[in-house]
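Please read the points below alongside the display.

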Amino acid sequence: QPQKWQLWWLCAAFNAYAIIWPYFYKSQKYAFCLFKGWLLREVRGNWIKQRRYWFVLTQDSLDYYTGPEKGARRLGTLVLTNLCSVIWPDKQTYKETGYWSITVYGRKHCYRLYTKHFNEAVHWACAIQKIIDSKSPVETPTQLLIRDIEENKFNPEVVEHIYQHNPILKYTQGPLYAPLLPFPYDHSGKGYGSVREEAVKLFNCLQQLESAREPVPIIQGVLQTCLDLRPLRDEVYCQLVKQTSYTPSPNTAAHLRYWQLLTCMSCTFLPGPIVLKYLRFHLKRIQSQSPESEMDNYASFISEALEKTKCRECVPSWEEIQMLMNRQEMLCTVHYPGPGSCQLYISSHTTANEVVRRMQEKLGLQESKNTFALYEQNALWEQPVTGGALVADILTRFEKVTSESKSQWKLCFKLYCLLDADSISVDSIEYLFLFEQCHEMVVRGQLPACEEDLQALAALRLQSLMGDFSTHAPCPPLDELFPGHMLETRVLVSISAPQDVPPCQVAAQGCPTTQRFHTGLLAGTLWSHTATAVHKQKVEQDMRLRTRLKEEAAAVMTSILERWKGLAGYSRRDSMAAYLTIARQWSGFGCTLYERNLNPSSTGSFSQKLWLGVAATSVSLYKQGESEALESFPYGQICSYGVSDSNTFKITAGDRDLLFETTKLTEIMQLMNAYFSAIHRQRGKGEDADITIADSTEVGFRHLRSAPTPTLLELPSHPV
């Protein structure tokens, strides 16, 4: 048993501890700190300046004092939660100020701190970030209520009680002073303020929809902000669910604006999993409470859209938003080779593959052995569209580009892989496709032929378009019938060696190499600091070249017209057949040509301009203007193909590596994948090798088995 004097000493010690501890804790306020030291803090007053303070980092906050003394006064505190953030020191600030800077964002304050030593700045940033990462996630009341609703969604009475006693879940006419979901306390960049500030601004935009005369600009603005700031998508969905719950006047046009924006959101972005469940529950609840109403119709439309929506690349256009507000589809015009076009109704979820299938059905091409694709096209440029691309995104991009550059863009349905040209019926529309696309290659100079054959092709083209020759028939311009580079070559050759060989004979000897005038020759020259006489000489030379070019064009056109007169009686079908007969004389007929630079390392010689031809059975190399292939590599000999760096395409055939500098890596990869896929489908090798333009968006190496019929293996986990 303890003695009385022992108990007395124990009680006295306890009382003394209770009295002294508060003073001891105050005097030892730094004993529990994690980091401390002098830092400069940016202070904003009449002018921006920096002041020196003693900073102390604890497990819960970042405090600063007048000094390190025991009695120093605390001047401020920034409470640290998991929503705080730290911006690390950057070299640009050091170059501008001579100090390394770190920025700490809190709920109410933002500390911009400076130090002369880089290591010290990094130590502070690491220590603060470690504290932030150790904090448990902050949950807002809306998040907690969403969880309660999810847990009690099969108990209508409890859900009703939650809604009735929590106004934050219901429609409000007043402003929102804080976001419904938690967001970091930092700035988002991209010209926006902090995400929290933007969330509050978006709620104000939503409320403006009720009284706006034209809601489309506001809807586009909200969607654009959500496109730029991904975290705000869930916030806007929660705000819209709030504003469509327990509305005083649910059937008015003002209230339906919220449903229209919710419709546009559902066709543009998907919310996160938790918010998606909450949204689906809300839609079902509205449908059960207001059957056969406009809200019911919108809820049904949104539910279906959520099943199909992929993240959009562009904000919907004005036309698409108007269609979505009325729950209608858009009318899309798809052109095909020749003057024809088809109009199809598309939704926000329609992909290029779906349009291709519908075009094949509409034009009766389901049984074709060849494959088709959509192309983005204008007067000077075209590119195939990947099968998974959303057509609505493409049309929106066309709208923007047309308004900026005034160039007309269109979607075109064309032959993509020519697998069997011999089986195409002469009376089919597919034969017209083949004829028109072959003529496109001729005009672009991608079909090597002598000038005599090119003039014959031009005459047959006129016969197929205009019928028999007539002086009253409007004749197309020469550049739509004959490759322009041939005229330029003739003029250049005649000027460089006028006495050696006549220009007409030079052009008729074979297929001359493609050559273009220098920009300054035809486009004129800028005034420079050289003598006036030199400038006049260049202008005169330019005029002579233009005159010669016009003379040569007139001579070629006259020759084409004479050949056209000799085709009297040819029907359109006969003209097309004769045209393709001449074109088929080229061994590379049916291939797609890409202009490339052959890397010296693959040939052991200097770099040279070549055509890379991708066909149904092989890949070939052509010297520009020559009809015979330098080399041809059947697919059975190709071991792998892909991208070796950012702009180099590599083909490995046996023990040889061929490298091509190119800007169309993806196009070549997609086309070769499509040919391999089509070959395997035709030979019944299974569905594992089915790689088409639809999903060939990742650019990397494709390794093939060393077998007569190569098989595509799995894609690598990372591009090579």
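Beyond its neighbours within four places in sequence, Gly106 is in contact with Leu78, Cys84 and Tyr185. The model described here is predicted. Gly106 lies in the loop between E6 and E7, and its relative accessibility of 9% makes it buried, because the cut-off for that class is under 20%.

- From C-alpha to C-alpha, Gly106 lies 9.8 Å from Asn82, although 24 residues separate Gly106 and Asn82 in sequence.
- Strand E6 (residues 100-105) and E7 are antiparallel and are joined by six bridges.
- Within this pairing, the residue opposite Tyr105 is Cys110 in E7.
- Strand E7 (residues 110-115) is also joined to strand E1 (residues 35-44), in the antiparallel sense, by two bridges.
- Arg41 has Leu113 of E7 as its bridge partner.
- Strands of a sheet pair through backbone hydrogen bonds, in either a parallel or an antiparallel sense.

**The chain as a whole**

- The protein chain contains 23 helices and 22 strands.
- It comprises 720 residues, of which 46% count as buried.
- Where contacts join residues at least 6 apart in sequence, 61% of them link residues at least 24 apart.

- Five strands form an open sheet in the order E11-E10-E14-E12-E13, and their pairing is mixed.
- At the edges stand strand E11 (341-346) and strand E13 (382-384), each of which pairs on one side only.
- From one strand to the next, the twist averages 40°.
- Six bridges connect strand E10 (residues 330-335) with E11 in an antiparallel pairing.
- In this pairing, Leu331 is opposite Tyr345 of E11.
- Helix H13 (residues 352-363) lies across E10, E11, strand E12 (371-377) and strand E14 (410-417), and the helix runs at about 130° to E11.
- Helix H15 (residues 429-443) also packs on the sheet, where it touches E12, E13 and E14.
- The direction of H15 makes about 100° with that of E14.

**Helix H10 and its two partners**

- Two packed helices are described by the angle between their axes and the distance between those axes.
- For helix H10 (residues 273-289) and helix H11 (residues 294-308), the packing angle is about 150° and the axes are 9 Å apart.
- H10 and H11 are therefore roughly antiparallel, since their angle is over 145 degrees.
- The crossing of H10 with H11 is left-handed.
- On the H10 side, the contact with H11 is formed by Leu276, Leu279, Arg280, Leu283, Ile286 and Gln287.
- On the H11 side, the residues are Met295, Asp296, Ala299, Ser300, Ile302, Ser303, Leu306 and Glu307.
- Sorted by class, the contact between H10 and H11 has eight nonpolar, three polar and three charged residues.
- Helix H4 (residues 141-151) packs against H10 at an angle of about 60°, with 10 Å between their axes.
- H4 and H10 are therefore oblique to each other.
- H4 crosses H10 in a left-handed manner.
- The residues in this contact are Ile146, Ile149 and Glu150 from H4, together with Ile274, Lys277, Tyr278 and Phe281 from H10.
- By class, the contact of H4 with H10 comprises five nonpolar residues, no polar residues and two charged residues.

**Loop residues with a positive phi**

- Most residues other than glycine have a negative phi.
- Tyr246, which is not a glycine, has a positive phi of about 55°.
- Tyr246 is found in the loop between helix H8 (232-243) and helix H9 (253-266).
- With a relative accessibility of 31%, Tyr246 counts as partly exposed.
- Arg327 also has a positive phi, near 55°, in a residue other than glycine.
- The loop that holds Arg327 lies between helix H12 (318-325) and E10.
- Arg327 counts as partly exposed, because its relative accessibility is 26%.

How values were computed:
Residues numbered from 1 in each chain as written. Predicted model: local features only at pLDDT ≥ 70, side-chain atom pairs only at ≥ 80, totals over all residues. Heavy atoms only, no water. Axes fitted to C-alpha atoms, helices over the stretch in contact; angles between N-to-C directions. Helix = DSSP H or I, 4+ residues; strand = E, 2+ residues; numbered from the N terminus. Parallel < 35°, antiparallel > 145°, perpendicular 65-115°, else oblique. Left-handed = near helix turned anticlockwise from the far one by under 90°. Contact = heavy atoms within 4.5 Å. Nonpolar A, V, L, I, M, F, W, Y, C, P; charged D, E, K, R; others polar. Pairing = 2+ DSSP bridges. Buried < 20%, exposed > 50% of the residue type's maximum accessible area, 1.4 Å probe, protein only.
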